[in-house]
Amino acid sequence: PPLWEFRRRGAPPAAIRLFCERMGISKSDSNIDFSIMEDCAREVMDDESPRAFAILEPLKVTITNWEDDKLEDFAVPRHPKRAELGDRTVPFGKTVYIERGDFFDLEGPEGIANSGRLPKGFKRFLPDGKVRLKYAYVISCNEIIRDPETNEPVELLCTYYPETRAGNTPEGEARVKGIIQWVEASSGTKCKVMQYDRLFKTEEPGKESGDFLDDINEESLTILHNVILEPSVGADAVTVINKISNNPGSETEKIYHSSLAYQFERSGYFALDSSSKVDDLVFNLVVTLRDTWDAGSATQPKKAENIQINQDNEATQTQQQQQNKNTGGNAAVLDDARRVALRAGTILEAGPHPEANSLILCKLDCGDVNEAGEPEEPRTVVAGLAGKIPFDELVNRKVVCITNLKPARMRGIESTAMLLAASDGQEGDDEVVQLLDVPDSVPNGELLSFENMKPCEPDAILKSKGALKVWDRVKAQLRVNDEGEATYQNDGTVRKIMTSAGPVRVTSLKNCTIG
C-alpha cells in the first residue's frame with residue numbers, strides 16, 4: 001500500500017521515520033519487502049500503544065453460579081512496561097464474551113473435521129475443560145448450547161471458581177495453563193473492525209503474467225461488524241472524537257483519530273479510523289502481532305515460523321554455481337543449515353534500550369579475534385526481549401548467537417549479532433521466551449554443529465536478499481523437542497544442535513519453535 005494508506009490505517013509517523021532510517025538512501029532501483037515496514041510499525045506501537053481486550057469473533061459465556069446483577073471491577077495495567085500510563089478498569093459479570101477461536105469444539109464441526117483430535121499446541125478452552133480468564137477467574141465449561149442448523153456453539157454455560165481470583169492457584173491444585181481474553185457483555189462497546197491483509201498475493205506482482213492486476217488479493221479487506229471492546233476503549237474513543245469535533249486545531253496542533261491506538265491483546269495493533277462517530281466506532285488493523293503472511297497464499301496466512309520457502313532461488317543457485325566451479329561441477333549444494341554461523345557466546349552486559357521500551361541492549365562475547373589473534377571488542381546485540389527475561393538472568397549467561405547476519409540498525413543502534421530463543425507461541429505479553437543455553441565449558445566463539453551432519457561452513461556474511469532467505473529457511477526448521485533440546489528438522493530427519501560438551505537446551509519449554 002502507499003504511505004498515505006498505511007498512515008490512514010493508523011501507522012504512527014515514528015514508524016515511517018524508523019523505516020527510512022533503516023533503509024537509508026540507495027542510488028539504484030530495488031524492491032523492499034513490506035514486512036520491514038510492518039516490523040517498524042510493530043516496534044514503535046509496542047512501545048506506545050496501551051493494551052486492551054477486544055473480542056473480534058464473540059462467543060457468549062454465561063457464568064451460571066454468578067449473581068445476576070453483580071459486577072466486579074478489576075484494575076489492570078494499561079501497558080505492562082509503562083507504569084506511568086496507570087491502570088484501566090475492566091468489569092466482570094455473569095455474561096462475558098470470549099474469542100470463538102479460543103474454544104475448540106471437539107464435538108462440533110471443527111472437531112469432526114479434525115477427527116476428534118486437538119490442534120497441536122492448543123492450550124485454551126475445551127468442552128469439560130478449564131481455562132483462566134485473564135486477570136479474573138478460572139472457569140470450566142459445563143454445557144454447550146448449539147445452533148440447531150449448523151451445530152456451531154452459540155453459548156457456553158460455565159462455572160467460575162472464586163478462589164482463583166486474579167491469578168491465584170489454590171494449594172494442591174494444578175495450575176491452569178490456558179489464559180484467554182474476555183469482555184463483560186453489559187459494559188462492552190460494540191464496534192466495527194477493518195482487517196487488512198496484503199494487497200497482492202505474491203512478493204512481486206505481475207512477475208509471472210506481466211499484469212500486476214492478476215495478482216491482486218481480492219480478500220485483502222475483511223470487515224468485522226460485531227466486535228466487542230472493553231469499556232475503557234469506548235470511553236477513550238468518545239473523548240478523542242469530541243476533542244476533534246470541538247477543537248479542529250491548526251495543522252501543527254491537529255489531533256488525528258489514529259492517535260488513539262491499542263494493542264488488542266493476542267490480535268494485533270489497531271487504531272481509530274477517521275470515519276468513526278460517537279455511536280459508530282471503527283478501528284483499523286495496522287499490523288498483526290507477528291508476520292503471518294506467506295507469499296502465494298495471501299488469503300490463508302501461515303505462522304512465520306512454519307513458512308516453507310522454495311529452495312530453488314538465487315542463493316542456492318549461486319552457491320551451487322560456485323561449488324561447481326571449484327570442484328569440476330560435481331559438488332552437491334551446501335545444506336542451508338551449514339551456511340549459518342551458530343556460535344557460543346557469553347552475555348557480558350544487559351540493559352534497556354535507550355529509545356525503545358520493547359528492546360534490550362546487550363554486550364556479547366562471541367570469541368572474535370583480530371588478525372593478530374587478539375580478542376576484539378564484544379558485539380552489540382539489540383533484541384526484542386524486554387519484559388521477557390530479567391536482566392540479572394541474562395548477564396554471564398552462555399547462549400547461542402548468530403554471527404554472520406547482516407548488521408541491522410534498530411532504533412539508532414547497530415546490532416551485530418542475534419540471540420536465539422525459544423517461544424511457547426503465545427501472543428503479546430503472555431508469551432514465554434527462553435534463550436538457548438550452552439554448557440559453561442564450551443569456549444566463546446565455538447562453531448556449533450548439527451547431529452550427524454558434516455561440519456558447518458558458514459558464509460562470511462549473509463547479506464544479499466537470496467542469502468538472507470537461507471536463514472529464513474533454517475529458522476523455519478528449528479524447534480525444541482519433547483526433551484527440551486534444540487533441533488533442526490529437515491527432510492524428515494531431526495538433528496540436535498550440538499556443542500563440544502553436548503546438545504543445546506532450553507530451561508523448561510518443550511515442543512515449541514525457535515527464532
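## Strands, turns and cores

In this predicted model, strands S27 and S28 form a hairpin with 5 residues between them. Gly484, in the turn, has a positive phi of about 80°. The two strands pair in the antiparallel sense over 3 bridges, with S27 covering residues 478-480.

The hairpin of S28 and S29 has 2 residues between the strands, and Asp491 takes a positive phi near 55° in it.

| Hairpin | Residues between the strands | Residue with positive phi | Phi |
|---|---|---|---|
| S27 and S28 | 5 residues | Gly484 | about 80° |
| S28 and S29 | 2 residues | Asp491 | near 55° |

Now for an open sheet. Its 5 strands come in the order S19-S18-S17-S20-S23, with antiparallel pairing. Which strands stand at the edges? They are S19 (379-383) and S23 (418-419); each has a single partner strand, so one side of each is left without a neighbour in the sheet. The partner of S23 in a run of 2 antiparallel bridges is S20, residues 398-402. Within this pairing, Cys401 stands opposite Leu419 in S23.

Next, the interior. In soluble globular proteins, nonpolar side chains tend to be buried together. The largest nonpolar core in this model has 31 residues, and those with the most contacts inside it are Leu342, Leu420, Leu436 and Trp471. At least two residues of this core come from each of S17 (342-353), S20, helix H7 (465-476), S27, S28 and strand S31 (512-514). H7 gives the largest share, 4 residues. Trp471 touches several residues beyond four places away in sequence, including Val340, Ile402, Met418 and Leu478. Apart from this core lies another, of 28 residues, among them Leu59, Phe125, Leu133 and Ile144.

Finally, visit Leu229 in strand S13, which covers residues 221-229. Is Leu229 buried or exposed? Leu229 is buried, because its relative accessible area is 0%, and buried means under 20%. Among the residues that Leu229 touches, leaving aside those up to four places away in sequence, are Phe53, Val183, Cys191 and Phe283. Lys192 is 37 residues from Leu229 along the chain, and their C-alpha atoms are separated by 10.0 Å.

How values were computed: Residues are numbered from 1 along each chain as its sequence is written. This is a predicted model: local features need pLDDT of at least 70, side-chain atom pairs count only at pLDDT 80 or more; totals for chains, interfaces and linings use all residues. Side-chain values use heavy atoms; hydrogens and water are left out. Two strands pair if DSSP finds at least two bridges between them. Buried means under 20% relative accessible area, exposed over 50%, partly exposed in between (1.4 Å probe, protein chains only). Contact means heavy atoms within 4.5 Å. A nonpolar core is a set of buried Ala, Val, Leu, Ile, Met, Phe, Trp, Tyr and Cys residues joined through side-chain atoms within 4.5 Å.
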